[in-house]
Amino acid sequence: MSSSDSPLTILNTLIFPLKFIFLSLTYLPRALLLTFPSSLSTLQSAWFSLFWSHVGPLVRESASPSVIPLLSGLITRGSLKPTPVHPAISGTVLELGPGSGQWTSTLSRFSSNITKILGVEPNTGIHPLLRSQIKKNNLEDKYTIVPCGVEDLASSGKVEKESVDSIMTVLCLCSIPEPQKNIKELYTYLKPGGRWYVYEHVKQGPEAPRWLAIYQSVLNLIWPHFIGGCEMCRDTPKWLKEAGPWGDIDLSRPEKSVWYETMPNVIGVLTK
Ligand SMILES: C[S@@+](CC[C@H](N)C(=O)[O-])C[C@H]1O[C@@H](n2cnc3c(N)ncnc32)[C@H](O)[C@@H]1O
Ligand SMILES: *[C@@H]1O[C@H](CO)[C@@H](O)[C@H](O)[C@H]1NC(C)=O
């Protein structure tokens, strides 16, 4: 047993979702004050905006060592390579659920190869933060916010079929409605040869202890209500693989995964 697998580390990982729910709850009073007496959905949007504006940077800090190499094309079979295995993110980019714009600074690293970015973000309450990140990172001439959910992308007419070089989904396929259907829909926007860069948390795999899978399902009874509709138990890798015919599928659990994770990740690039 390595020191990183100490009982305390395991316990901390197991209770992490509960701590996260508690943290989210602390933003509820302010959201209520700001939105009362508006509708429940306005409250939920404001609550998530407040929560994510504080938590987003922490999440970025822990996810950057995975997401930056991913977008650079340096990740294959869940592990980091010294030279690119896939092309870096480029061309017309569709960023799903950019939220408060955690990854705009990362995208700006690749901006010489990026023609335009479409950020599909339905929570208008978070748009001011997203806009300020776009400005801060000098992406104003390239970045367009599409103010709808992925489910309304087709009717919005903002994105043409087979027009996108790179789709980027970072911790957002957990939060979209009808994921199977909408992942299939997203696939249709990719050009042939286009790439889908994925970093998502997913449901426990068959290799996980049974009690851990049950624990995740129990947590998921309450989790989505506190974390902006995020679902813990989605079989996103399966739905991605089944979205349509792929030229190449390079999607795995990260190499450094531990068995006791409550929110296991998948990472990789699928090429149409
Ligand atoms: C957990 S946050 C992640 C935000 C960002 N990708 C990041 O890594 O910080 C999930 C994001 O998905 C967005 N979202 C929720 N429903 C969506 C939908 N139907 N279509 C597109 N995005 C959606 C949320 O508003 C939120 O910004
Ligand atoms: C731009 O694309 C070229 C050709 O694929 C690649 O060599 C280069 O590293 C890319 N630059 C960035 C910043 O992604």
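Here is a short tour of a predicted model, one selection at a time.

**Stop one: the core.** Start by selecting L94, L96, L153, L173, L186, W196 and L240. These residues have the most contacts inside the largest nonpolar core, which has 29 residues. Strand 3 (91-96), strand 4 (114-120), strand 6 (164-170) and strand 7 (190-201) each supply at least two of its residues, and so do strand 9 (265-271), helix 7 (179-189) and helix 9 (236-241). Which element gives the most to this core? Click on helix 7, which contributes four residues.

**Stop two: ligand 2.** Next, show ligand 2 together with A88, R109, F110, S112 and N113, the residues around it. Sorted by class, that shell has two nonpolar, two polar and one charged residues. Zoom in on N113: one of its polar side-chain atoms sits 2.3 Å from an oxygen atom of ligand 2. On its own, ligand 2 has 360 Å² of accessible area, and the protein covers 35% of that.

**Stop three: the cysteines.** How many disulfides does the structure hold? The count is zero. For C172, the nearest cysteine sulfur belongs to C174 and is 6.8 Å away. C172 counts as buried, because its relative accessibility is 5%, and buried means under 20%. Over at C233, the closest cysteine sulfur is in C230, and because the gap is 9.8 Å, it is too far for a bond. C233 has 26% relative accessibility, so it counts as partly exposed.

How values were computed: Residues numbered from 1 in each chain as written. Chains lettered and ligands numbered in written order. Predicted model: local features only at pLDDT ≥ 70, side-chain atom pairs only at ≥ 80, totals over all residues. Heavy atoms only, no water. Disulfide = S-S within 2.5 Å. Buried < 20%, exposed > 50% of the residue type's maximum accessible area, 1.4 Å probe, protein only. Near = heavy atom within 4 Å. Polar contact = N/O pair within 3.5 Å; in protein donor to acceptor, adjacent residues only side chain to side chain. Areas by Shrake-Rupley, 256 points an atom, 1.4 Å probe, with all protein chains shown as cover. Nonpolar A, V, L, I, M, F, W, Y, C, P; charged D, E, K, R; others polar. Core = buried A, V, L, I, M, F, W, Y, C linked by side-chain atoms within 4.5 Å.
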